[in-house]
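Open the structure in your viewer and keep the selection panel at hand. The tour below goes from stop to stop, saying what to select and what is there.

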Amino acid sequence: MEKECSCKIYGYDIDGKAIGIAKRNAKAAGLADTIIFEKADIKDFRQPENPSIIVTNPPFSLFREFFKWVMESGKKFLMIGNMNAITYRDVFPCIKDNLAWLGNGFQGGNAYFKTPVSKEY
């Protein structure tokens, strides 16, 4: 059962080519009017008005800084990163205190996320 989404999704990347590919993928999935893409550096990220979930794969060099920022924001988030991140001083206590959780991981080089609605693209 599909549900209509009245939300807006924002996508950012520093690489204009990646933005172009993402726009084509969004159009093919019927989401061109739902997702707003912008070419932007993660260092210049500014939170859109009233987002509810942040999904990110920050550059390895900025993982700690971005993790700290998103934890302080109080927003729900999904962050893709290297498994070694659990050893970081700022990350491990959040996992230990049940404030952040580990995901499903990578299988065959790809990250997978479970959603309540299954849709083939």
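Burial is used throughout the tour: a residue is buried under 20% relative accessible area, exposed over 50%, and partly exposed in between, with a 1.4 Å probe and protein chains only. This is a predicted model, in which local features need pLDDT of at least 70 and side-chain atom pairs count only at pLDDT 80 or more, while totals for chains, interfaces and linings use all residues. Residues are numbered from 1 along each chain as its sequence is written, and side-chain values use heavy atoms, with hydrogens and water left out.

**The whole chain**

Start with everything selected, coloured by secondary structure. The chain has three helices and six strands, where helices (H or I, at least four residues) and strands (E, at least two) are DSSP runs numbered from the N terminus. Read from the N terminus, the order of elements is β-α-β-β-α-β-α-β-β. Of the 121 residues, 20% count as buried. Contact here means heavy atoms within 4.5 Å. Among contacts between residues at least 6 apart in sequence, 48% join residues at least 24 apart.

**Helix α1**

Select residues 16–28, which form helix α1 with its 13 residues. From first C-alpha to last, α1 reaches 19 Å, close to the 18 Å expected at 1.5 Å a residue; the expected span is 1.5 Å times one less than the number of residues. After α1 comes G30, with a positive phi near 75°.

**The core**

Next select F45, I54, F63, F66, F67, V70, M79, A85, Y88, V91, C94 and A100, the 12 residues of the largest nonpolar core. Helix α2 (residues 63–73) gives the most to this core, with four residues. A nonpolar core is a set of buried Ala, Val, Leu, Ile, Met, Phe, Trp, Tyr and Cys residues joined through side-chain atoms within 4.5 Å.

Centre the view on F45, in the loop between β2 (35–39) and β3 (53–56). F45 counts as buried because its relative accessibility is 16%. Leaving aside neighbours within four places in sequence, F45 is in contact with Y12, F66 and W69. Y12 is 33 residues from F45 along the chain, and their C-alpha atoms are separated by 8.4 Å.

Show the aromatic side chains. Rings of Phe, Tyr and Trp (its six-membered ring) pair if their centres lie within 6.5 Å; planes under 30 degrees apart count as stacked, over 60 as edge-to-face and the rest as tilted. How many aromatic pairs are there by this rule? The count comes to four. The F63 and F67 rings have centres 6.2 Å apart and planes at 10°, so this pair is stacked. F63 and F67 are four residues apart in helix α2, so about one helical turn separates them.

F67 also forms an edge-to-face pair with F77, at 6.0 Å centre to centre and 85° between the planes. Because F67 lies in helix α2 and F77 in strand β4 (residues 76–79), this pair ties together parts 10 residues apart in sequence. Is F77 buried or partly exposed? At 25% relative accessibility, F77 counts as partly exposed, whereas F67, at 5%, counts as buried.

Ring pairs link F63, F67, F77 and Y88 into a cluster.

Now show what F67 touches: F77, M79, D90, V91, C94 and A100, not counting residues up to four places away in sequence.

**Last stop: N98**

Select N98, in the loop between α3 (92–96) and β5 (106–107). Its phi is near 65°, a positive value in a residue other than glycine. Most residues other than glycine have a negative phi.
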